[in-house]
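I am opening a notebook page for this structure and will write down what I look up, entry by entry.

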Amino acid sequence: MTFVNQKTLTVLEPRQRPTRRALAKQQTREKILAAGRELFMTRGYEGATIRDIASAAGMSTGAVFASFADKAELFDEIIASDYEALRDEMEAAVEDAKDVQSALLGLFGAAYRSHVHRLPLVCAAMSVGWTRDPKTAGRSREALKPIVDLIRNALQDGVDRGELASHTDVRLLRGIVWEVYLSGYRAAVYEGWTADDMLARLAEQLKIILAGVRA
Amino acid sequence: MGVREQQKQATRAKVLDAARDLFDSAGYEETTIRAIAERAGVSVGSVFTTFASKAEILGQIMNERIEQLTVELEKVVPHLRGSFVDRLSAFMAIRYDFQMRRPKLYLAYLSVSFHGQRARGFVRMGTSPALRAPLREIIAGAIERGEIRADAEVELLIDAIVSLYGFNYLRVAEGAEVAELTSLMDRELKLLVEGLARR
């Protein structure tokens, strides 16, 4: 199930069954998301306007604004749905892993392998993050929460198993791991690294980081 | 220096001053070359004969700021005392303090550092020798004093420190100020260094 479905279904819950109108609304959303993804990929975040996205989706700008509050919300939903599509694979990687290091490499490996084919979108996401207003920044953080939670759970499992020290600051560690993971994309963008290259460096960095919190 | 060269330098300085103020007040994306020219009191054409793009202007502004910061740091780095993590923390705190004097400007620089394009003379965040060389020195000192493992992978460690330093600025969008960035960085460095401690 995608992010989009979940959202719409929540709205529909009282009736349990989507009405025709709700279905049409969801189709509209998905058309906009597809057009947005394409344009953000080719033109970057600043280069793609709501007007362009509307026209590529074959609708009015008004129809776009009926589904999304602004460009940032539309963009964040695309990024979130990309992660959402990887969630099963990431969850499985965590479940199958024998320790924290391999759990993290499993879930980040899934992300690297998928995102490496969509680097322009990754660039747009990384470049837009710095200049958000507080409201949008909070919303974007919320959109990534399911994935960030997966990382936290993998680390917490390590603490519960006694692999990591019981006094480990999981929140701090989660932030460090996430940032080191993100920085891998820059090497892909500017140095042409493959997913395997990124993962190899991440593995070395995780080794250092986790060594400091072992039980 | 010929009259022509002097004029060129004067235009350059005026453009950089105007752009710095506009990027830091109105924002980088919001600022057009036309607005920069207007504020600098020069023609749009002469901006373009000096700089190929807005990103190149931003790159020059940041290079000059980094030079300024390097002068400040050179006075400090040889006098850093205390443990490895204390020295790293002090070094990073000075950088946060300096860059947060013009937060919007630095955030614009981070944004362009990540957006995938290249501009002449633009040194992306984290790749500047002015950032990496002093870190290398601090790490070498710690290895020499036996504080951390002699086989520590120095460049890898610098990459990690630089990533944490840079990504912490994401919190500025939600209102974080220097003190919060510095204290977060301190805690992150402490954890990172634990893993390198000689056992």
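**Chain B, overall.** I began with burial and found that 51% of the 199 residues of chain B count as buried, where buried means under 20% relative accessible area, exposed over 50% and partly exposed in between, with a 1.4 Å probe and protein chains only. I note that this is a predicted model, in which local features need pLDDT of at least 70 and side-chain atom pairs count only at pLDDT 80 or more, while totals for chains, interfaces and linings use all residues. Residues are numbered from 1 along each chain as its sequence is written, chains are lettered from A and ligands numbered from 1 in the order in which they are written, and side-chain values use heavy atoms, with hydrogens and water left out.

I then looked up the secondary structure of chain B, which comes to 9 helices and 0 strands; helices (H or I, at least four residues) and strands (E, at least two) are DSSP runs numbered from the N terminus. The C-alpha trace of chain B spans about 65 × 40 × 30 Å along its principal axes. Among the contacts in chain B with a separation of 6 or more, 71% come from residues 24 or more positions apart, a contact being heavy atoms within 4.5 Å.

**Core.** Which residues touch the most other members of the largest nonpolar core? I find Y83(A), Y181(A), Y185(A), I57(B) and Y169(B), in a core of 141 residues; such a core is a set of buried Ala, Val, Leu, Ile, Met, Phe, Trp, Tyr and Cys residues joined through side-chain atoms within 4.5 Å. Helix 10 (residues 170-191) of chain A gives the most to this core, with 11 residues. I followed I57(B) and, leaving aside neighbours within four places in sequence, listed its contacts, among them V15(B), L16(B), F23(B), I36(B) and F51(B).

I also checked Q99(B), which is in helix 5 (residues 84-99) of chain B and is buried, with a relative accessible area of 1%. Not counting residues up to four places away in sequence, Q99(B) touches residues including M62(B), R65(B), Y106(B), Y165(B) and Y169(B).

**Rings.** I count 19 aromatic pairs over all chains, taking rings of Phe, Tyr and Trp (its six-membered ring) as paired if their centres lie within 6.5 Å, with planes under 30 degrees apart called stacked, over 60 edge-to-face and the rest tilted. F40(A) and Y45(A) are stacked, at 5.7 Å centre to centre and 10° between the planes, and both F40(A) and Y45(A) are buried. The pair of F114(B) and F167(B) is tilted, because the ring centres are 5.5 Å apart and the planes stand at 55°. This pair links distant parts of the chain, 53 residues apart, with F114(B) in helix 6 (residues 103-114) and F167(B) in helix 8 (residues 154-168) of chain B. F114(B) is buried at a relative accessible area of 4%, and F167(B) is buried at 3%. On chain A, ring pairs link Y83(A), F108(A), Y112(A), W178(A), Y181(A) and Y185(A) into a cluster.

**Interface.** How many residues of chain B are in contact with chain A? I find 37 residues of chain B in contact with 33 residues of chain A. The two chains bury about 3,200 Å² between them, 64% of it on carbon and sulfur atoms, where buried area is the accessible area (1.4 Å probe) that two parts lose on being put together, summed over both. F114(B), F167(B) and L191(B) supply 21% of the area that chain B buries against chain A, more than any other three residues.

**Salt bridges.** I count 33 salt bridges over all chains, each being a side-chain nitrogen of Lys or Arg within 4 Å of a carboxyl oxygen of Asp or Glu. Across the interface of chain B and chain A there are 5. I noted R171(B) with E179(A), at 3.8 Å from N to O, and D169(A) with R187(B), at 3.9 Å. D169(A) is partly exposed, with a relative accessible area of 35%, and R187(B) is partly exposed at 40%.

Within chain A, D82(A) and R118(A) meet in a salt bridge at 3.1 Å, N to O; D82(A) is buried at 7% relative accessibility, whereas R118(A) is partly exposed at 21%.
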